[in-house]
Amino acid sequence: MTKEEIILANKEFLFPAVFHFYKEPLVIARAKDQYVWDADGNQYLDFLGGIVTVSVGHCNEQVNAKVHQQLDSLQHVSTLFANEPQAALAKKIASITPGGKLTKSFFTNSGTEANETAILTARCYTGSTEIVALRHSYHGRSAMAMGLTGQGSWRIGPPPAGVVHAHNAYCYRCPFGLTYPECDVRCASDVEELIRTTTTGRIAGFIAEPIQGVGGFITPPKEYFQIVEKIIRNYGGIWISDEVQTGWGRTGGKWFGIEQWGVTPDIMTGAKGLANGSPIGLTVARPEVADGLKGVTLSTFGGNPVTATAAKAVIDYIEDQKLLDNCTTTGAYLRARFEELKDKHEIIGDVRGMGLMQAIELVEDRQTKKPATALTAMLIEATRENRLLVGKGGLYGNVIRVTPPMNIGRTDVDHFIEALDKSLVSCTAAAAGSAR
Ligand SMILES: Cc1ncc(COP(=O)(O)O)c(C=O)c1O
């Protein structure tokens with residue numbers, strides 16, 4: 001098919017709700033390591049990583065060699081049959097969870113399904129149905145996952161009962177109009193008020209992303225989760241950490257994002273980067289919590305031998321190549337280069353994130369913090385022109401999110417910053433021109 005035929009077929013045969021980045025959809029033809037090529041043969045530096053999914057580079061040779069071998073020996077069995085790749089993956093995951101305490105896995109096909117399973121498990125285990133989630137969060141696209149999500153634009157249809165949303169720790173735009181640390185982390189203590197006023201006081205659990213991904217890499221201060229944890233446990237709830245974006249070392253130095261805050265969750269969910277692009281969902285729990293999910297349940301593709309092989313190969317690669325350390329060091333370098341850009345470009349109001357999960361929030365005015373939504377859309381187009389892939393996010397669509405493969409180096413960061421700087425210069429000049 002030609003590029004034009006692909007775009008036309010997308011329009012004609014896909015739900016209109018399937019939207020694409022950019023005014024003109026970008027047709028990706030192939031990819032390798034940190035690069036992708038479009039249908040016209042143009043090369044792009046991929047600093048989005050398939051939305052935090054290409055953990056160890058596109059078409060990673062070591063991962064794919066194992067996948068090819070598995071594909072030709074056993075492709076499918078379903079969770080009704082035992083198979084070695086699933087067993088080996090579950091064993092490996094159990095060995096790297098916080099404190100080695102989450103040792104029972106349930107495999108599915110996506111982050112959405114992983115979160116569905118987590119909520120079901122929390123409800124069965126506690127006997128309560130009430131869940132506390134966070135504003136600005138994103139947890140997936142099923143009815144329940146959209147109900148957990150704290151952004152109106154990602155919720156289609158009526159929200160399910162039994163979910164309440166607490167304020168998040170969005171220090172750049174504090175929901176209480178306060179400033180950290182004088183605020184005493186009011187957003188965290190407010191969770192108690194929320195539980196006492198909007199629930200029965202007996203909750204099943206709390207679900208949060210350690211760093212809110214789609215929300216624009218909102219990163220809580222160091223005390224936030226520990227204060228919230230005490231409250232949640234006082235009211236009988238268990239802790240679900242949605243690690244779909246923050247897992248597998250991305251935040252630097254630790255396997256899971258929540259470990260950066262010293263909280264040990266009862267359940268964690270994973271997907272995206274776990275299998276470097278093969279569809280996978282993971283719900284991993286403390287044994288007694290997993291045992292709470294009574295009855296029978298199955299997943300046709302859960303624990304699929306090919307996907308499980310890919311996931312285990314990704315974890316092994318991350319370990320062998322010491323990518324937890326690379327996320328810390330290259331992430332720190334990326335952060336420093338972002339701070340330099342902030343000094344140069346007034347439009348950058350905030351720089352935030354951890355490890356190789358960093359973002360800039362764009363504002364029209366640093367005093368009023370008015371979101372620069374239109375300019376962010378222009379910037380996304382400009383980055384395409386400069387052969388760079390980045391993500392967009394935030395409730396106001398004014399955050400540029402960056403999550404490159406975790407095995408990139410400083411040179412890649414330098415190329416990225418150069419292209420982003422060029423894009424920022426051209427956009428701000430064009431915006432100034434049209435304002436005149
Ligand atoms: C934090 C988080 N949780 C869950 C999901 C849903 O994952 P999936 O798209 O695989 O269903 C996403 C997807 O972006 C996510 O970012």
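A polar contact of 3.1 Å links the side chain of His-20 to that of Asn-10. This is one detail of a predicted model.

**His-20 and its surroundings**

- His-20 sits in the loop that runs between helix 1 (3-13) and strand 1 (28-32).
- Apart from neighbours within four places in sequence, the contacts of His-20 are Asn-10 and Pro-25.
- The relative accessible area of His-20 is 38%, and the residue is therefore partly exposed, since that class lies between the limits of 20% for buried and 50% for exposed.
- His-20 and Asp-412 are 392 residues apart along the chain, and their C-alpha atoms are 26 Å apart.

**The ligand and its shell**

- The residues that surround the ligand are Ser-110, Gly-111, Thr-112, Asn-115, Tyr-138, His-139, Gly-140, Glu-209, Asp-242, Val-244, Gln-245 and Lys-272.
- Sorted by class, this shell holds seven polar, three charged and two nonpolar residues.
- Helix 5 (residues 111-126) contributes three residues to the shell, the most of any element.
- A polar atom in the side chain of Thr-112 is 2.5 Å from an oxygen atom of the ligand.
- For Gly-111, a backbone N or O atom lies 2.9 Å from a ligand oxygen atom.
- Lys-272 has a side-chain N or O atom at 3.2 Å from an oxygen atom of the ligand.
- On its own the ligand has 390 Å² of accessible area, and the protein covers 84% of it.

**The nonpolar cores**

- The largest nonpolar core has 65 residues, and the members that touch the most others are Trp-248, Ile-318, Phe-338, Phe-416 and Leu-420.
- Helix 10 (residues 305-320) supplies nine residues to this core, the largest share.
- Outside the four places on either side in sequence, Trp-248 is in contact with several residues, among them Ile-93, Ile-96, Trp-255, Phe-256, Ile-315, Ile-318 and Met-406.
- Other contacts of Trp-248 include Ala-271, Gly-273, Leu-274, Leu-282 and Leu-324.
- There is also a second, separate core of 29 residues, including Val-164, Ala-166, Val-185 and Ala-188.

**Backbone features**

- Most peptide bonds are trans, and most residues other than glycine have a negative phi.
- The bond between Tyr-180 and Pro-181 is a cis peptide bond, with omega at about 5 degrees.
- Pro-181 belongs to the loop between strand 6 (163-166) and helix 7 (186-198).
- Ser-78 is not a glycine, but its phi is positive, near 80 degrees.
- The loop between helix 3 (61-71) and helix 4 (84-96) contains Ser-78.
- Ser-78 counts as buried because its relative accessibility is 11%, and the cut-off for buried is under 20%.
- Lys-272 likewise has a positive phi without being a glycine, with a value near 25 degrees.
- Lys-272 is placed in the loop between strand 9 (267-270) and strand 10 (281-285).
- With a relative accessible area of 24%, Lys-272 is partly exposed.
- Lys-272 is also one of the residues around the ligand.

Key
Residues numbered from 1 in each chain as written. Predicted model: local features only at pLDDT ≥ 70, side-chain atom pairs only at ≥ 80, totals over all residues. Heavy atoms only, no water. Near = heavy atom within 4 Å. Polar contact = N/O pair within 3.5 Å; in protein donor to acceptor, adjacent residues only side chain to side chain. Areas by Shrake-Rupley, 256 points an atom, 1.4 Å probe, with all protein chains shown as cover. Helix = DSSP H or I, 4+ residues; strand = E, 2+ residues; numbered from the N terminus. Nonpolar A, V, L, I, M, F, W, Y, C, P; charged D, E, K, R; others polar. Core = buried A, V, L, I, M, F, W, Y, C linked by side-chain atoms within 4.5 Å. Buried < 20%, exposed > 50% of the residue type's maximum accessible area, 1.4 Å probe, protein only. Contact = heavy atoms within 4.5 Å.
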